[in-house]
Protein chains: 2
Amino acid sequence: MLNEVLKEHDAQFYIQHSGDNNFYYATKFRIPNSAFYFVGSDGTDLLVVPDMEGDRAKRESVVGEVSTLSDLGYFDRLKELKNTKKALALTLVEFLKTRGAKKVLVPPNFPAFLIVEFLKHFEVEVIENPFSEMRAVKSEEEIEKIKDTSFAIIRAFEHALKLLKRVRDCDMLRNEIELFLFSDGYLAQDTIVSSGKLSADPHYIGHGKIEEHVVIDIFPKSRRHHYYSDFTRTVILEDCPEIEEMLDAVIEAQKKAISIIREGVTAKEVHHTVCDVLEEMGYQTIRRKYREGFIHSTGHGVGLDVHEKPKIFENDDVLKAGMVFTVEPGLYYRKWGGVRVEDVVVVRKNGCEVLTEYPKKIDLRSKR
Amino acid sequence: MLNEVLKEHDAQFYIQHSGDNNFYYATKFRIPNSAFYFVGSDGTDLLVVPDMEGDRAKRESVVGEVSTLSDLGYFDRLKELKNTKKALALTLVEFLKTRGAKKVLVPPNFPAFLIVEFLKHFEVEVIENPFSEMRAVKSEEEIEKIKDTSFAIIRAFEHALKLLKRVRDCDMLRNEIELFLFSDGYLAQDTIVSSGKLSADPHYIGHGKIEEHVVIDIFPKSRRHHYYSDFTRTVILEDCPEIEEMLDAVIEAQKKAISIIREGVTAKEVHHTVCDVLEEMGYQTIRRKYREGFIHSTGHGVGLDVHEKPKIFENDDVLKAGMVFTVEPGLYYRKWGGVRVEDVVVVRKNGCEVLTEYPKKIDLRSKR
């Protein structure tokens, strides 16, 4: 795919810097320092790393060729320039020149200090990150990892349901969920445990007493394989007909949306299915610019990042088999609070598979 | 300080984007999305955030003025351009123009997609991040937070020492340490538990059996206040005169280095003190370009990041009261393995204070 991108933009190189999951995805190499991955139309497939990381890069990365900064003459330039950033920029420039670069492509978040130096020597074009695009479609191996994290979430959620009989404080329950997941090998942060009227803000992580109903939104990553999953259930604790109706509506909207997901459908169609169902039931949606009701998008891709491509909103993206994303309709009214139900699905040729299979409506009223 | 920077570079604006701790340090506002902090020579002190974050930004940030993307006309531009990045870049350009910008300053990691648009309208200069510099000197409040995390490390280390009587596997012990810290409110990742000959690689996190001796390097951050600390001890488990001599040498070098730290001393002087002591004892050091012996720098600043300014190496930086950094001499020989002792200190006017006070030499031989 990168060769097509280079051809399309009439460029000789694409450069991916370290610091985000696109670098990891492209190289399968984790590094806390600065490193660069070069893909060239001449067949260049080169990872440039600090000297200390050279051996590990050769061992762990999937890139064809590894060079260290020393190999590229960085330290001679540093001695002369006495400025690490300038020396690094000129080292990369010299390397690109020796390989005949006239135009180079970089991703949107490529660092400014390199760009300003590159611009003195080449044409530079900022393009959408090609790896972000590639990451949207998962391999079966990646799907297994997301499934693994999904099962861990279900275990943690069942633990939370048991605790709900005695723990009635948002921060305490969040802490118990995150501790349970950590012991199990997963890292969850900012887990939403949001209760009562305050849950009307979908981004509020929740504090104070748990009463009426509680929205639990858990999105950990594996500490071993680093893949995320994402799951929300709304638990009914006390009688409130409005909340129960909202929850039934959201479950219905999700069910309908999931039923249409398959290869070839657009993101927009999924999002509009959710809006249609909710509007038919008399609720307001973001489609009509309301600030209460269903006020966010239907979903987002999940993988090495908890938010990645594809977006499931008003965009025209066509779903492909292997895409993994959330379907998470919610309804939010300041008068009653918020409800949401969220599952992760993988798109298949003729339908979709839910990776976080679990009952949608959780009612703890009778069990108290 | 930023006003001086603007004057010095004859610029009207400095722009800090979200995504790293410099943004948080400057604004005291945490945000997963894109946000921008503008400081102007005309007194501009403005935070630009997505619409949904406007209220929270007003509540939580320390910035004088908050605008949302809507306020700045982003959505009108988006409707016209149908490209979120282009619309964002032009929104910021228009804002800067209305406030009379002719030259703007940005940090080294400022995103490429904005820079290329800015360059069409203004002079742009990439400067060292002024907040990185400011962050090197801590307030007493920040020092208390680093001290809090330091105490948590000591608790976890004492727990590890108890476990060492029965747990003799690197991964198991790492997991126990990280779990203990997580329950205590701290997040540790990639904790080094490295044993025997393999500990000769200072960056190897350690796997397999614990035998001979073990290097335990713990560097968590608080899940509440987000400040790190960093601490290493080498535990002797079996007789090995070479390792014991290396450990004694490293302890002596650290003691001497700590004894000279005070306001006005240079980073270089601290580093050379460590090298002097180790070389006098017959060990090789990085100063003579050896690849065994003391092969890394003496230390690094600790705060919101586990590695920040100041660097304690061959640099001329002058230590200021309030700077917090590690002093971590080590010795690494493939034949014997590695040893290291690491503490965090805060520079004071007439000396320094050790925040991770704990016995330096841990010998578990007699206790087995």
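Here are legends for a few close-up views of this predicted model. Residues count from 1 along each chain as its sequence is written, with chains lettered from A and ligands numbered from 1 in the order in which they are written. As the model is predicted, local features need pLDDT of at least 70 and side-chain atom pairs count only at pLDDT 80 or more, while totals for chains, interfaces and linings use all residues.

**View 1. Where chain B touches chain A.** Each chain puts in its share: 14 residues from chain A and 14 residues from chain B (contact means C-beta atoms, placed from the backbone, within 7 Å). On the chain B side, α6 (112–118) and α9 (170–184) are the elements giving two or more residues (helices are DSSP runs of H or I, at least four residues; strands are runs of E, at least two; both are numbered from the N terminus). The largest share, 4 residues, comes from α6(B). By class, this side of chain B has 11 nonpolar, 2 polar and 1 charged residues (nonpolar: Ala, Val, Leu, Ile, Met, Phe, Trp, Tyr, Cys and Pro; charged: Asp, Glu, Lys and Arg; polar: the others, Gly among them).

**View 2. The hairpin of β2(B) and β3(B).** Strands β2 (residues 36–40) and β3 (residues 45–49) of chain B pair antiparallel over 4 bridges (pairing takes at least two DSSP bridges). F38(B) has L46(B) in β3(B) as its bridge partner. Between the strands sit 4 residues, and G43(B) takes a positive phi near 95 degrees.

**View 3. From β3(B) over α3 to β4(B).** Strand β4 (residues 65–68) of chain B runs parallel to β3(B), joined by 4 bridges. Here V48(B) stands opposite S67(B) in β4(B). Together with helix α3 (residues 54–60) of chain B, the two strands make a right-handed β-α-β unit (with the strands pointing away from the viewer, the path from the first strand over the helix to the second runs clockwise).

Technical notes
Two residues are in contact if their C-beta atoms, placed from the backbone, lie within 7 Å.
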